[in-house]
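Here is a short briefing on helix packing and nonpolar cores. Please keep the sequence and the model in view while reading.

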Amino acid sequence: METNGVQLTPEQARSALADTEHVRASAAALSATPWPNWFFITLTLYLAALPITYGGVMADSEWLLPHPAWMGIMLAITAVFMALFAVAAKTWRHKTGVALRLDVLPKRATVPLQVGLPVLLVGAAFAFRVTGWPVWLIAASLISAAVSVGFHLAFVRLHRKTA
């Protein structure tokens, strides 16, 4: 706050500090705003396709497609996902002036997600390799999509609560 050499009263100083805190809280709420809807759909589809694709890569013998085809599909969907993630982040940063961030979310939500989702995705592929039952991959695919939707809804709820 510009004072032009004029001394602030204690009340004015407290008011300026409260305004600063309000700006910080608003920036935190804005950075916790949900992903764009098109990216949420992309993320959900990617997470739903990943267990099946990874299962095809990990299969003991050729399952539905040759191993190189599964590897090509995995690399292609990952590349497309990363490109769309970059576009979503750039668009969001341009639109709001704030980068997409997960660090403003509660750790009680993000830590289980960061640990559990990779275990689910990789575990289903290993279970499929051992048993040969594709139901593991289908279940992991459905659970991954449900987790994506649930996390997005929690993200939206958090934004509404902080805004």
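Which hand does the crossing of helix 2 and helix 4 have, left or right? The crossing is right-handed; that term applies if the near helix is turned clockwise from the far one by less than a right angle, and left-handed if anticlockwise. This is a predicted model, in which local features need pLDDT of at least 70, side-chain atom pairs count only at pLDDT 80 or more, and totals for chains, interfaces and linings use all residues. Residues are numbered from 1 along each chain as its sequence is written, and side-chain values use heavy atoms, with hydrogens and water left out.

**Helix 2 with helix 4**
- Helix 2 spans residues 37-58 and helix 4 spans residues 107-131; helices are DSSP runs (H or I, at least four residues), numbered from the N terminus.
- Their axes lie 8 Å apart, at an angle of about 35°. Axes are lines fitted to C-alpha atoms over the stretch in contact, and angles run from 0 to 180 degrees between N-to-C directions.
- Contact means heavy atoms within 4.5 Å.
- This contact has eleven nonpolar residues, one polar and one charged. Ala, Val, Leu, Ile, Met, Phe, Trp, Tyr, Cys and Pro count as nonpolar, Asp, Glu, Lys and Arg as charged, and the others, Gly among them, as polar.

**Helix 2 with helix 3**
- Helix 3 covers residues 67-96 and packs on helix 2 at about 160°, with the axes 10 Å apart.
- That angle makes the two helices roughly antiparallel (over 145 degrees).
- Helix 2 passes helix 3 in a left-handed crossing.
- By class, the contact has 19 nonpolar, five polar and no charged residues.

**Nonpolar cores**
- The largest nonpolar core has 14 residues. Such a core is a set of buried Ala, Val, Leu, Ile, Met, Phe, Trp, Tyr and Cys residues joined through side-chain atoms within 4.5 Å.
- F39, L43, Y46, L47, L50, F81 and L121 have the most contacts inside this core.
- Helix 2, helix 3 and helix 4 each supply at least two of its residues. Helix 2 gives the largest share, six residues.
- Another core, of five residues, lies apart and includes A59, A124, F128 and A140.

- T44 lies in helix 2. T44 counts as buried, at 14% relative accessibility (under 20% relative accessible area, 1.4 Å probe, protein chains only).
- Leaving aside neighbours within four places in sequence, T44 is in contact with A145, S148 and V149.
- L47 touches L117, L121, S144 and S148, not counting residues up to four places away in sequence.

Definitions and conventions: Parallel < 35°, antiparallel > 145°, perpendicular 65-115°, else oblique. Buried < 20%, exposed > 50% of the residue type's maximum accessible area, 1.4 Å probe, protein only.
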